[in-house]
Structures are given as structure tokens and as C-alpha cells.
Amino acid sequence: MAEFRDSIDIAAPPETVFDYLVTNAGMTAWMGQYAELDPTPGGRFAVDIAGYPVRGEYLEVEHPRRVVVSWGFAGSDLLPAGASRVEFRLTAVGGGTRVDLCHSGLPDTEVPGHADGWMHFLPRLGIAGAGGDAGPDDWQPLPD
């Protein structure tokens, strides 16, 4: 199993950025067209991204410092619902928040596609988290 790591600095306090990881409206402002979130340990994490149903659950929720969810795709044999783990760490930095992302438990073949996705979505989180409009999302997964 492999992992992908990245980070971004956002011009907003951790409390503000945190809401974009735990609310339906916050999540869909930067990622996905639909979200059904219950940000409690064991609570539902469901986001539809470009027609793909990401499903899992919240594993850890530490307001406003950390969110960990299980991640996978409903109906997938390669990366089934809840099979991998995504961790967001939020750290206050001068005038904003550093978000460190670690997506672990990925099959090697899934790393390029997930890296492409996160490199698209993290800048959108940066825009939305700072109070901007990330605009319509036209991202599509890499072809197989």
C-alpha cells in the first residue's frame, strides 16, 4: 500500500477551514457535487465526485485541528468503500492555516489518479476556505 502527501496554506483561521471538512455545504464548495456528512467518529462520509461515489466514515474529528476519514468507492473491487484513509491536519500559521494532507492505504495503481485529484482539489479548498468561490468543478479522473 502507498500514500500521497501534500499541503497548502490557506488565508483563514483553522476554525474556518475546519468547517470545509465537516459540513455538506463546505465540502461541496471545493470538492464534489453532493455530500452527506456526519462528522462524528463512526459517522457517515459520503461525497460524489465526478460521478464517483466516495464512501467511508469519520474516524477522528478534533475541532479545529484534525479530521480523519476512511475513503473508497461504493461498488469498487480495487478500492472499496472505506478501504483507504485520508487525514487532514490543520495548523495555525501566520495569518492563516496550513493543511497537511495524507492519503494512505492506497493500492500502488491508485496513487497517480488520487494524486491528480488532490492536486486539483487542495487549491480549490484554499480558495473556498479563504472565503472565495472556487467556481464550477470540471475535474475528471485520469483515463485508465
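**Ground rules**

I number residues from 1 along each chain as its sequence is written, and I use heavy atoms for side-chain values, leaving out hydrogens and water. Since the model is predicted, local features need pLDDT of at least 70 and side-chain atom pairs count only at pLDDT 80 or more, while totals for chains, interfaces and linings use all residues. I take helices (H or I, at least four residues) and strands (E, at least two) as DSSP runs, numbered from the N terminus. I call two strands paired if DSSP finds at least two bridges between them.

**Entry 1**

The model has an open sheet of seven strands in the order 1-7-6-5-4-3-2, with antiparallel pairing. Strand 1 (2–10) and strand 2 stand at the edges with a single partner strand each, so one side of each has no neighbour in the sheet. On average, neighbouring strands of this sheet are turned by 20° against each other, direction ignored. For such angles, axes are lines fitted to C-alpha atoms (for helices over the stretch in contact), and angles run from 0 to 180 degrees between N-to-C directions. I noted the background: strands of a sheet pair through backbone hydrogen bonds, either parallel or antiparallel.

**Entry 2**

I followed the pairs at one end of the order. Strand 2 (residues 34–37) and strand 3 (residues 44–49) pair in the antiparallel sense over four bridges. I found Tyr 34 opposite Asp 48 of strand 3, and Leu 37 has Phe 45 as its bridge partner there. Six residues lie between the strands of this hairpin, and among them Gly 42 takes a positive phi near 90°.

Strand 2 has Ala 35 and Leu 37 on a covered face, and Tyr 34 and Glu 36 on an uncovered one. I recalled that in a regular strand the side chains alternate between the two faces of the sheet.

Strand 3 also pairs with strand 4 (residues 52–62), in the antiparallel sense and over six bridges. Ala 46 stands opposite Arg 55 in strand 4, and the bridge partner of Arg 44 in that strand is Glu 57.

Ala 50 has a positive phi near 50°, although it is a residue other than glycine. Ala 50 sits in the loop between strand 3 and strand 4, a hairpin with two residues between the strands. Ala 50 counts as buried because its relative accessibility is 18%; buried means under 20% relative accessible area, exposed over 50%, partly exposed in between (1.4 Å probe, protein chains only).

A cis peptide bond joins His 63 and Pro 64, with omega about -10°. I placed Pro 64 in the loop between strand 4 and strand 5.

**Entry 1: helices**

Helix 1 (residues 14–22) and helix 3 (residues 111–129) pack at an angle of about 125°, with axes 10 Å apart. That makes helix 1 oblique to helix 3, as angles under 35 degrees count as roughly parallel, over 145 as roughly antiparallel, 65 to 115 as roughly perpendicular and the rest as oblique. The contact (heavy atoms within 4.5 Å) is made by Thr 16, Tyr 20 and Leu 21 of helix 1 and Leu 125, Ala 128 and Gly 129 of helix 3.

I then checked helix 3 against the sheet. Helix 3 lies across strand 1, strand 3, strand 5, strand 6 and strand 7, running at about 15° to strand 1.

I looked up Ser 70, which is found in strand 5 (residues 66–71). Ser 70 counts as buried, at 8% relative accessibility. Leaving aside its neighbours within four places in sequence, its contacts include Phe 45, Arg 55 and Glu 57.

Ala 12 lies in the loop between strand 1 and helix 1. Ala 12 is buried, with a relative accessible area of 5%. Beyond its neighbours within four places in sequence, Ala 12 is in contact with residues including Val 17, Gly 95 and Gly 129. The C-alpha atoms of Ala 12 and Ala 128 are separated by 9.8 Å, and the two residues are 116 residues apart along the chain.
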